[in-house]
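Visitor: Please take one part of this model and look at it closely. I would like to know how it is built and how it sits against the rest.

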Amino acid sequence: MTALVSFGIYLVFVFVLAAVANREGKGKSFLSEYFLGSRGIGVWAFAFTYAATSASGGSFMGFPSLIYTHGWVLAWWIAGYMVVPLVALGLLAKRINQVGRIAGAITVPELLRRRFASNAVGNVATVLVVFFLFFFLMAQFKAGAEIMATLLEDVPVYREAVVAVENLSDGLPWVGAADPDYLLCLLFFAVSVIIYTAYGGFRAVVWTDVMQGIVMGIGVIVMLVLTLIQVGGLERATRELAEMTPPEFVEVAVVAGAASGEEKRFPRGTWLKTQDGDIVRLKEAATIPARAIESEMIEALRLTSEGDEERVEASGEIEKGIHARPGDVVDSYAFGANEKGVYTRAPGPSRDNPGGFLTVLLAISFFAFWNFSGAGQPSYMVRQMAFRDTITLRRAMVMVALYFSLIYFPLVVIFTAARILLPGMEIHPDRVMPEMAAALTQNAGIPWLAGLLVAAPFAAVMSSVDSFLLLVSSGVVRDVYQQSINPRASERRMRMLSYAVTVAVGIFGMLAVLHPPQFLQHLIVFASAGLGACFLMPMVFALYWPRMSGRGAIAGMVVGGAIVLALYLAGFLLTGQFGEYLLGGLHPFIWATGLSAAAIVFVSLADRPPEEGLRRRFFGGPGNRAGGPKSL
Amino acid sequence: MADREEEELGASFRQSRRELWFMVTTWSVFAVWTVGYNATHAFGAGEGASIVWGLPRWVAFGVAIPWAIALALTIAFALFFMKDTDLGEVEEESKAKEANS
């Protein structure tokens, strides 16, 4: 309950910031203020909004889940982040800000539209932004709802609310089939974000990002200290990890000592012993019907490491008076089963891939992916259009570099050690972050701190959702409505439309994610790869290659997006699961980016050269720009 | 012809282009270090057992040290080498600012 209170205080702060941001924006050009903060973002705000948008639900939910599942190899997987501030900010920031000002652009599609004086370029960019960002929104909404569910699961008022939601939604098409816990949390999370984003606009998003960035930073540092204390130091944790072997997934029936007149339920996560002395954890809830002595067969996780078994025994969490009867093995690890040391070396254990989690080619892909896909995200590009001057950029680069170093490497330390403190989380790996926060603070006797620690991933999710919401609504309002439908719309009309579209996009996103896919990180990587592949090369060439034509830009965006979609579709058709097909062992982003660049060069050179005026305007010195056309 | 085109390019554009090449080179150096070192040291049964500063040895030399150097390089580049540029103003927004003040 105390965690809930500190979490509530945090939410109140977010709303206050949105209200202040709304007042601050009064009297300024509405669209420029609402979608770009009037290009006046200072050092702290720019650094934190950039970093907080980067650190999304993936960083605090999906990434910890991967570290927990695959071990130290994730340090290599994420290593590209060591140069992300230098590359992602250095590659585009200065030029995109300058070209954005020359073009008078507020959104990324608008910048491309004006750079090439082509409505077709802007329209293609808008469609691609909206399409891929929607997957991002889905992933973040899911992450937000999952965190809330973990935080609130033992609160009595919440349990009553869940029952009420279950009754209300029962029988409703699409909504009624959703898990009521998840539905309630999703509703609360989505409504909170939609309100403060719609009301406060970009400035509110940036200010809340600053607060959320600070919360995330403090959260990670506190978790790191508590973790290292509770595992007895990093060296000890690494040595214990080196002795661990991956668990097995087996079928079990839950067996009671004697039949009872009442039905008995055992929730997911219950620890049981088998008659052979093995320790298992239920992956789903089990029910022993009235007058029966055992449940149906359900899936469970079986520990295979001696150290894990001893720790679970010592915790006293094993259910007494009942036991598990093991059936068939459902699944054991395709790589790393029964192998000690698999969590402390490459390629890391994998349930699906016989070659392990991270091959060398995949490691190369990810080193490129984090840097160049990051640089290609419209959510970052729009922030790079918003900073005040280059002094702001330089100082922000230093802050972002320090911040990423304080977040990403410590997360690997924390969640490799989580295998020691929280065995058996493979039953629901996406929940390892909030569970770890709860366990660390509980063990340390400071449960109220869990609210702050859980607020860290929640903040990460919120700071990403708000950015994506604004990006999608700016695409609709500025790039579709104002550019193509009603160029003379009054400021009042644009204001009302901006509020309405932000709310509508949020509600639509929420409805779409009522039945989410299982693995958050896959969805996030797909959306990042798609956006990066569509926009990185077209934007880099647009900013640095005067000879590039509008048709070249369209070819680059379409080829990039199509390759990512095709390789994910191939992955789905080959495995039956949502995931990428690694053609030649490389991530789809690499193929898509390379072919996008080739398409840009080939089509631009085959096309007639752009107008001299456009070249002077966007690439000439200040004296040359005046002679250029105003473009669209 | 190519020289004339080059001369017409603004000084800030040419500076940004030089900085772009620095970024790409830096990325390549750290990619080769991290992937090269780990590809030869992170695999194999004994690798996880050898520990430096509490980390598996390959993590210390293939991730932690390059990360620390990349951090120092980023700070040095941003503070001492990256050039300031006048980014300009957007006419419509400047007018709104003036009217507001």
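Guide: What follows concerns domain 2 of chain A. This is a predicted model, in which local features need pLDDT of at least 70, side-chain atom pairs count only at pLDDT 80 or more, and totals for chains, interfaces and linings use all residues. Residues are numbered from 1 along each chain as its sequence is written, with chains lettered from A and ligands numbered from 1 in the order in which they are written.

Chain A is divided into domain 1 (2–24 + 36–234 + 346–625) and domain 2 (247–331); these bounds come from an automatic or database domain assignment. Taken over C-alpha atoms, the centres of the two domains are 39 Å apart. Their contact takes 11 residues from domain 2 of chain A and 5 residues from domain 1 of chain A, where two residues are in contact if their C-beta atoms, placed from the backbone, lie within 7 Å. The 5 residues of domain 1 divide into 2 nonpolar, 1 polar and 2 charged. Here Ala, Val, Leu, Ile, Met, Phe, Trp, Tyr, Cys and Pro count as nonpolar, Asp, Glu, Lys and Arg as charged, and the others, Gly among them, as polar.

Now the strands. Helices (H or I, at least four residues) and strands (E, at least two) are DSSP runs, numbered from the N terminus, and two strands pair if DSSP finds at least two bridges between them. Strand β6 (residues 298–302) of chain A runs antiparallel to β1 (residues 248–256) of chain A, joined by 5 bridges. In this pairing Ile298(A) stands opposite Val252(A). β6(A) also pairs with β4 (residues 279–282) of chain A, again antiparallel, over 3 bridges. There Arg302(A) stands opposite Val280(A).
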